[in-house]
Amino acid sequence: MTATTTDIELLRDALGQLKDREQVAERLLVSSARHSFDPDRELDWDAPFEDDKWFWPPELVSLYDTPLWKRMSQEQRLLLSRHESAALASLGIWFEVILMQLLIRHIYDRPATSAHVRYALTEIADECRHSMMFARLIQKSDVPPYPVTRLHHNLGRLFKTISTTPGSFTATLLGEEILDWMQRLTFPDERVQPLIRGVTRIHVVEEARHVRYAREELRRQMVRAPRWEAEYTRVVSGEFARIFSIAFINPKVYSDVGLDRNEAIAQVRASAHRREVMQTGAKRLTDFLDDIGVLRGVGRRLWKASGLLA
């Protein structure tokens, strides 16, 4: 059973009343025209990195406040932040390539002249620039790229093949909102390298539009979805949350900075601070998903298993 037009018009949640698809897209197109950036021109890629500045706020580095962190030298902590920044940029590229394919699939059967499709194409262009920006940042950082494991790479391939439309937008928000929360803490932080702050500022400004587009469409999809699709979306999104939480930090960063990988992994898993960071970063998203009926049943249990939901 699907919702009636009246049901959709009356739907309200933390974002307020559900907006018409074309109305949302037209507003986002105007915003895109006013606030889009070319990272190659906007950022000073030739400036050297500054000594004693972080590549990620220390409180967001995975080992922060663990016994191992307290034994590490300041130089090693800074180096770990450099490698984790590159690992997150690598994760971002992997995720955005998946997202672009999901968006293309979403608009394939829709009218090409609609504002909804035109904005999706605009977002794809944004994501292309973001992926190139992240790749250039990794190269500038003079550290190796950190691709996800072969297993996660192939699970991503499977997910984008079998995902429902609401599942696709749930995954989109999962990949965007936690990093967005972290980046909102990063770009104003004067302890962090200016180039990193510039990259995160651009990403935050442009991702705000992507989040709004995905939230509105997911709300609309969950109202209209038949029962089987809604339940399937809950389960698949919960499993993707579990995969994403594991892939969020690449364990290779620890050995690359001279740490014992197994010890580091164990301490991150035991870290109350890290658990709080991830749950706080996900809270705005999980509150929203709970509000529109995604976090139910088996799906909710999988989200809890991911560590992203308290």
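How much space lies in the largest pocket? In this predicted model, the largest pocket holds about 770 Å³ of space. Its lining is made up of 29 residues, and Ser245, Ile246, Ile249, Val268 and Arg269 lie nearest its centre. Five helices each supply at least two residues of this lining: H5, H10 (227-247), H12 (261-270), H13 (272-291) and H14 (297-306). Among them, H10 gives the most, with four residues.

The structure also holds four cavities of 30 Å³ or more. The largest cavity contains about 120 Å³ of space. Of the 13 residues that line the largest cavity, Trp56, Ser85, Ala89, Phe134 and Gln183 are the closest to its centre. Helices H5 (74-107), H6 (115-141), H8 (165-186) and H9 each give two or more residues to the lining of the largest cavity.

A further feature is the pairing of helix H2 (residues 21-34) with helix H9 (residues 194-224), whose axes come within 10 Å and cross at roughly 170°. Angles over 145 degrees count as roughly antiparallel, and H2 and H9 are therefore roughly antiparallel to each other. On the H2 side, the contact involves Arg21, Val24, Leu28, Ser31 and Ser32; these meet residues of H9 including Arg209, Tyr213, Glu216 and Arg220.

The table sets out the residue classes of these regions.

| Region | Nonpolar residues | Polar residues | Charged residues |
|---|---|---|---|
| Contact of H2 with H9 | three nonpolar | three polar | seven charged |
| Lining of the largest cavity | eight nonpolar | five polar | no charged |

Definitions and conventions. Residues are numbered from 1 along each chain as its sequence is written. This is a predicted model: local features need pLDDT of at least 70, side-chain atom pairs count only at pLDDT 80 or more; totals for chains, interfaces and linings use all residues. Side-chain values use heavy atoms; hydrogens and water are left out. Axes are lines fitted to C-alpha atoms, for helices over the stretch in contact, and angles run from 0 to 180 degrees between N-to-C directions. Angles under 35 degrees count as roughly parallel, over 145 as roughly antiparallel, 65 to 115 as roughly perpendicular and the rest as oblique. Contact means heavy atoms within 4.5 Å. Ala, Val, Leu, Ile, Met, Phe, Trp, Tyr, Cys and Pro count as nonpolar, Asp, Glu, Lys and Arg as charged, and the others, Gly among them, as polar. On a 1 Å grid over the protein atoms alone, a cavity is a set of points where a 1.4 Å probe fits but cannot get out, and a pocket is an open set with protein on both sides within 12 Å along at least five of seven lines; lining residues have an atom within 4 Å of a point. Grid points are joined across faces, edges and corners, and a volume is the space filled by probe spheres set on the points.
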